[in-house]
Amino acid sequence: MKPNRFRIARQIVVRAMHQVGQTGPCSRPHGHDYRVEVILEGEMDQRTGLVFSRSEFDEILQRHLVDKYDGSNLNEFFKVTSGEALAREFFSLLEKEFPKGLLHQVRVQETVKNYFEFPALPGA
Amino acid sequence: MTVATRRRSFSSAHFYHQKSLSIEENQRIFGRCDTPHGHGHDYTLEVSVAGSPKGETEMVIDLSLLDRILFEVTDPLDHRHLNFDIPAFRDQVPTTENVALYLRSEVEKKIADRGYTDLRIEKIRLFETPEIWVELR
């Protein structure tokens, strides 16, 4: 990154149920406290000292992730709900809500043992 | 090349207000971060240093030295009000971005002062809260 080019990130929690596949423990309905971290990358506005408005960042995540999916059954919204698929789906739906090119990566932490990042980036 | 990261926490107060903007614009841009007295955070600074492992210890940098450097750059901010007590933030908004920029510059000076020419800062990550961070490379 050039100097003064920043990544900024915000994490929210989505408590939701899902099931994945046809066999094994993941195929039984169960739930997670998904910690979703949304990472933007861009230039800082010298006047405000911000890459992106904090309250707008909050609002976007609240409206498009928390309000829609917190307390839900994710299988009602997405065909596949593995961590990989959710990271990709959340990236795709959030991309439209930020200025073009600002959304850098979405990281979905399913449990303390596993997390998924989309897209995969060098030096992330 | 190997990267070594050390973290240190500090607690500071701040508010966001840009003097060159109107009251309404400040409210619109900064919302509840724009108050006369401000609010506080327990910041955590992570500094990642890249270099070649050296000598029999194969360390990139002596971690107690890196810890000392982190102490020297964060202690002046610890239990202080960034807007009122720190000259660097008299005329610029102490957003996490600007605090990260300031801390990177201070860490670079400390490393240079000690003569470590073969080290570079890979990245600085500053957590404003456990859920909000800013990174500068």
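Start with α1(A): it gives the most to the lining of the largest pocket, with three residues. Helices here are DSSP runs of H or I with at least four residues, strands are runs of E with at least two, and both are numbered from the N terminus. This is a predicted model, where local features need pLDDT of at least 70 and side-chain atom pairs count only at pLDDT 80 or more, while totals for chains, interfaces and linings use all residues. Residues are numbered from 1 along each chain as its sequence is written, chains are lettered from A in the order in which they are written, and side-chain values use heavy atoms, with hydrogens and water left out.

Back to that pocket. About 300 Å³ of space lies in it. Of its 16 lining residues, the closest to the centre are A:Arg10, A:Arg54, A:Asp58, B:Arg32 and B:Cys33. Two or more residues each come from α1 (54–69) of chain A and from α1 (23–30), β2 (39–51) and β4 (120–129) of chain B. By type, the lining splits into six nonpolar, five polar and five charged residues. (A pocket is an open set of points on a 1 Å grid over the protein atoms alone, where a 1.4 Å probe fits, with protein on both sides within 12 Å along at least five of seven lines; lining residues have an atom within 4 Å of a point.)

Now for the rings. A search of the whole structure turns up 13 aromatic pairs over all chains, a pair being Phe, Tyr or Trp rings (six-membered ring for Trp) with centres within 6.5 Å. Take B:Phe10 and B:Tyr43: their ring centres are 5.0 Å apart and their planes at 10°, so they are stacked (planes under 30 degrees apart). This pair links distant parts of the chain, with B:Phe10 in β1 (residues 2–14) and B:Tyr43 in β2 of chain B, 33 residues apart. B:Phe10 counts as buried at 1% relative accessibility, where buried means under 20% relative accessible area with a 1.4 Å probe and protein chains only. B:Tyr43 is buried too, at 0%.

B:Tyr16 and B:Phe30 meet edge-to-face, because their planes are at 75° with centres 5.6 Å apart (the cut-off is over 60 degrees). B:Tyr16 sits in the loop between β1 and α1 of chain B and B:Phe30 in helix α1, so this pair ties together parts 14 residues apart in sequence. Both B:Tyr16 and B:Phe30 are buried.

Over in chain A, A:Tyr69, A:Phe77, A:Phe78 and A:Phe90 form one aromatic cluster.

Technical notes: Grid points are joined across faces, edges and corners, and a volume is the space filled by probe spheres set on the points. Ala, Val, Leu, Ile, Met, Phe, Trp, Tyr, Cys and Pro count as nonpolar, Asp, Glu, Lys and Arg as charged, and the others, Gly among them, as polar. Buried means under 20% relative accessible area, exposed over 50%, partly exposed in between (1.4 Å probe, protein chains only).
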